Amino acid sequence: MKPDKSENVLGETLELCSATPLTGYFRDGACNTCTQDTGSHTVCAVMTAEFLAYSKYVGNDLSTPHPEFGFAGLKAGDAWCLCASRFLQAHDEGCAPKVRLASTHMRALDIVPLAVLKLHAEDAV
């Protein structure tokens with residue numbers, strides 16, 4: 001698998017999303033992606049209790065630990081490379097988490113408009 005160019009939605013070098021917990025399609029701490037990443041794990045999202053409950057409700061439980069996979073489970077405040085379509089769905093439902101734009105891969109823009117990402121930016125843009 002060859003990663004796409006490591007560029008964020010601001011046209012700059014993609015920054016780290018999280019090393020603890022270790023995230024990313026490549027488990028490199030960044031929201032890098034490639035053709036094989038059919039889920040587009042490209043949005044660096046900062047988890048909230050509301051979003052984690054929503055995600056569990058719609059069938060993607062991110063908070064329950066799965067030690068067999070080395071996954072401790074996410075908690076509010078953790079950053080995670082989220083599937084762009086799940087982020088957009090949460091936005092549409094009114095419970096999107098905050099976003100770190102500098103750590104969100106440019107390929108997220110294939111699914112989520114930049115204006116929507118900026119609405120949820122952790123830091124004002």
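Biologist: Is L117 buried or exposed?

Modeller: This is a predicted model, in which local features need pLDDT of at least 70, side-chain atom pairs count only at pLDDT 80 or more, and totals for chains, interfaces and linings use all residues. Residues are numbered from 1 along each chain as its sequence is written, and side-chain values use heavy atoms, leaving out hydrogens and water. Buried means under 20% relative accessible area, exposed over 50% and partly exposed in between (1.4 Å probe, protein chains only). The relative accessibility of L117 is 0%, so L117 counts as buried.

Biologist: Leaving aside neighbours within four places in sequence, which residues is L117 in contact with?

Modeller: L117 lies in helix α3 (residues 114-119); helices (H or I, at least four residues) and strands (E, at least two) are DSSP runs, numbered from the N terminus. Contact means heavy atoms within 4.5 Å. By that rule L117 is in contact with V9, V43, F87, V99, L101, T104, L109 and V112.

Biologist: What is the arc of the buried residues of α1?

Modeller: The buried residues of α1 are F51, L52, Y54 and S55. The arc is taken from the directions from the helix axis to the C-beta atoms. These residues line one face of the helix, because they fall within an arc of 160°.

Biologist: Which exposed residues does the face of α1 turned away from its buried side carry?

Modeller: The buried residues of α1 are covered by elements including β2 (79-83) and α2. Turned away from that buried side is a face with the exposed residues A49, E50 and Y57.
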